Amino acid sequence: MRKGTPERLLLACLTPTAPTGLRGFPESTWDEVVRLAAYHGIAPLLFRRMQPLAVEVPLPDRIVAALRGLYLDSMVRNMRLYSRLHDLLSALRSDGVEVLLLKGAHLAQAVYGDIALRPMADVDILVRKEDLWRAEQRLLGMGYAPSEENGKYERTDLHFAYSLPEEGWVELHWDIVKPHWPFRMDVGDVWQRAHTATVAGVDVWVLSPEDLLLYLCLHTGFHHTFDYFGLKPICDIAEVIRRYEGRLAWPEVQRRARQAGAANVVYLTLALVHRLLGANVPEEALRGLAPGRPSPEIISLAERRVFLNVNTRIEAVEAEPSGMSDGLGALWMAKGIV
């Protein structure tokens, strides 16, 4: 990306260190930045990042109002979601079903520290397979309707999906990876390493910091090949690294990534998060994942995928239906990144 583009300006605003070069842009450029942030699902985070810069970077009132509105919209949606989540977690706990929260609901409260900063459309929960029937019965008893696609989801994703009208979806998982992934994380080991946190007013299990980082890297770099959710998962990973700085056992991250056969995807995802958002990923951790000299073109490829907008993505799919994804897929299976 060229210097001075809306994409670069957005990244500069999201960087936690004191950004420079944010003055002098026309209002139309800030309009585009807000549009990009909304598209990527990170407008509330942008609003928060810009608040301490108000004196240094005085934004037009209309731009500030737009960002504040997106922040408040996210807060209202997530407050409703967390209210429903409180009811569900409390009910499952009363049934003796242990729950491990995955991704958004854990991240918004325990990692971002402000539920408005991480917009969500659904809630992902993990239960032990022996508790699956009881969890399903509780969801049905609370009025959740099963998806018509659950037969497919059971085979391809190892989860079921349930919805409440106008209240979003709950995905009920019983494994940590999908059956078609070329990686493996033992779900029993994941449970053993989990710790408790209070989310939606209920004590639940959450992934250990190292497992959380690996899980997010696999979803971002392999499952969605960087483009499906754009910058939001990149910000998620950066926030995990910031939140657990000083506590993340990087040698353990390397060991688990290699054990899962996922060193390549974890390397590339972490390198990209460092490049785009300045996340504090130790150089020795990257070397431990990819001891060779990775080609910078590989990271540039991943970066381009993050910023594929809707029209570009449609054009790319029509012009080259599988080339980029197949190229990344071959990379994940290679012995090293070169």
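This is a predicted model: local features need pLDDT of at least 70, side-chain atom pairs count only at pLDDT 80 or more; totals for chains, interfaces and linings use all residues.
The chain has 16 helices and seven strands, and 52% of its 338 residues count as buried.

**The chain as a whole**
- Take the contacts between residues with a separation of 6 or more: 70% of them link residues 24 or more positions apart.

- D211 sits in helix α9, which covers residues 209-223.
- This aspartate is buried, because its relative accessible area is 0%, and the cut-off for buried is under 20%.
- As for a polar partner, the D211 side chain makes a polar contact with the side chain of R193, at 2.8 Å.
- If you set aside neighbours within four places in sequence, D211 touches M185, V190, R193 and R256.

**α9 against α11**
- R256 belongs to the α11 side of a helix pair, and D211 is among the α9 residues that make the contact.
- The axes of α9 and α11 (residues 250-259) come within 9 Å of each other and cross at roughly 50°, so α9 is oblique to α11.
- On the α9 side, the contact is made by E210, D211, L213 and L214; α11 brings in W250, E252, V253, R256 and A257.
- As for handedness, the α9 and α11 crossing is right-handed.

**α3, a mostly covered helix**
- Helix α3 runs over residues 43-50, and seven of its eight residues are buried.
- Those buried residues are A43, P44, L45, L46, F47, R49 and M50, a list that includes an arginine as well as leucines.
- What do they pack against? The buried residues of α3 pack against α1 (6-14), α2 (27-40), α4 (61-94) and α10 (232-243).

**α2 alongside α4**
- Two of those α3 partners, α2 and α4, also meet each other through their own residues.
- Their axes come within 10 Å and cross at roughly 10°, so α2 and α4 are roughly parallel to each other; the cut-off for that label is under 35 degrees.
- From α2, the residues involved are E27, W30, D31, V34 and A38, and they meet R62, I63, A66, L67 and L70 in α4.

Terms used:
Residues are numbered from 1 along each chain as its sequence is written. Side-chain values use heavy atoms; hydrogens and water are left out. Helices (H or I, at least four residues) and strands (E, at least two) are DSSP runs, numbered from the N terminus. Buried means under 20% relative accessible area, exposed over 50%, partly exposed in between (1.4 Å probe, protein chains only). A polar contact is a pair of N or O atoms within 3.5 Å; within protein, one must be able to donate a hydrogen and the other to accept it, and residues adjacent in sequence count only if both atoms are side-chain atoms. Contact means heavy atoms within 4.5 Å. Axes are lines fitted to C-alpha atoms, for helices over the stretch in contact, and angles run from 0 to 180 degrees between N-to-C directions. Angles under 35 degrees count as roughly parallel, over 145 as roughly antiparallel, 65 to 115 as roughly perpendicular and the rest as oblique. A crossing is left-handed if the near helix is turned anticlockwise from the far one by less than a right angle, and right-handed if clockwise.
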